[in-house]
Amino acid sequence: MSLLQVHGLSHGYATGGLLRRRGWLAVLDRIDLQLQAGESLGLLGPSGSGKSTLARLLLGLETPSQGEVVFAGAAVDQLRGERARQFQRNVQLVFQDAPSAFNPRRSIGWSIAEPLRHLSDLDAAARRERTVELLEQMGLRGEHAARLPHQLSGGQLQRANIARALALSPSLVILDEALSNLDRVLQLQLLQRLEALRRDSGTAFLLITHDLSLVRHFCQRVVVLDAGRIVEDRVVDADLAFEHPAGQALQAALLPERPVKRRQRL
Ligand SMILES: Nc1ncnc2c1ncn2[C@@H]1O[C@H](COP(=O)(O)OP(=O)(O)O)[C@@H](O)[C@H]1O
Ligand SMILES: [Mg+2]
């Protein structure tokens with residue numbers, strides 16, 4: 001059974017208002033998607049293609065106009081009580097904007113331990129221990145726990161942000177452009193750490209990005225979203241090449257000095 005299944009998901013937003021004629025902006029159009037436990041899937045698409053909207057729907061933060069999201073066999077919009085809490089523990093989202101994810105007056109350690117206070121049975125000592133373990137897993141040190149957010153660099157803060165998402169040992173982590181503001185060296189280091197976690201703990205990842213090179217480094221499979229539709233669904237290997245113009249544009253953006261390499265047909 002897939003960890004996550006998306007069936008015929010469509011979504012849109014009302015436009016206009018009091019003074020303008022009301023319309024409807026279609027954002028996602030009949031999305032079908034599957035993600036296996038322990039799999040790393042890339043969701044690639046240009047800005048405005050609907051990636052973040054899809055992430056919000058996967059988390060149940062918004063209800064789709066049509067279709068459904070099924071996690072571990074249960075429809076996400078039907079979850080109540082303990083099963084809803086379990087879903088909250090199991091699926092975590094990390095955004096690009098780390099500073100806004102932290103309370104500026106609280107220590108980094110306090111923020112990382114926040115999900116542990118709400119959704120785990122760990123006592124204070126065990127939470128401290130887990131916080132240090134998480135910081136180290138992301139290449140930070142225990143002493144960073146005592147610092148305030150403004151006392152960390154942007155890259156350190158984003159690592160702390162990812163550490164917090166991992167606190168409850170989720171089975172799926174959605175990274176929505178979560179590495180986009182970091183330099184290339186740090187991006188690749190973090191992906192290596194997350195890859196180790198995937199191998200050791202079977203955590204699944206959905207890497208949302210417009211950067212094909214990150215997908216190549218990290219993902220086993222990739223889908224390309226273009227204007228709300230999935231136009232490519234491919235295994236990531238050395239021969240990865242897209243056929244749809246949207247996929248080819250992302251590929252060309254990666255190699256501006258070279259022509260788009262076309263897949264050879266036998
Ligand atoms: N809450 C909202 N209300 C109205 N329009 C929205 C809302 N959220 C997203 N959109 C629109 O949906 C489209 C897709 O946005 P988004 O999912 O953020 O794309 P991406 O993450 O791929 O850049 C955009 O045209 C955006 O303006
Ligand atoms: Mg987005």
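Visitor: Which elements each supply at least two residues of the shell around ligand 1?

Guide: Strand E2 (23-35) and helix H1 (51-58). Helices (H or I, at least four residues) and strands (E, at least two) are DSSP runs, numbered from the N terminus. Before we go on, this is a predicted model: local features need pLDDT of at least 70, side-chain atom pairs count only at pLDDT 80 or more, and totals for chains, interfaces and linings use all residues. Residues are numbered from 1 along each chain as its sequence is written, while chains are lettered from A and ligands numbered from 1 in the order in which they are written.

Visitor: And where does the largest share of that shell come from?

Guide: From H1, with 3 residues. The residues around ligand 1 include Tyr 13, Leu 25, Val 27, Lys 51, Ser 52 and Thr 53; the criterion is a C-beta atom, placed from the backbone, within 6 Å of the ligand.

Visitor: OK, switching to strands. What does E9 pair with in the antiparallel sense?

Guide: Strand E10 (residues 229-235), over 6 bridges; pairing takes at least two DSSP bridges between the strands. Leu 225 stands opposite Ile 230 there. The two strands form a hairpin with 2 residues between them, and Ala 227 in the turn has a positive phi of about 45°.

Visitor: Which strand pairs with E9 in the parallel sense?

Guide: That's E3 (residues 40-44), over 4 bridges, where Leu 43 has Val 223 as its bridge partner.

Visitor: How many helices and strands are in the chain?

Guide: 9 helices and 10 strands.
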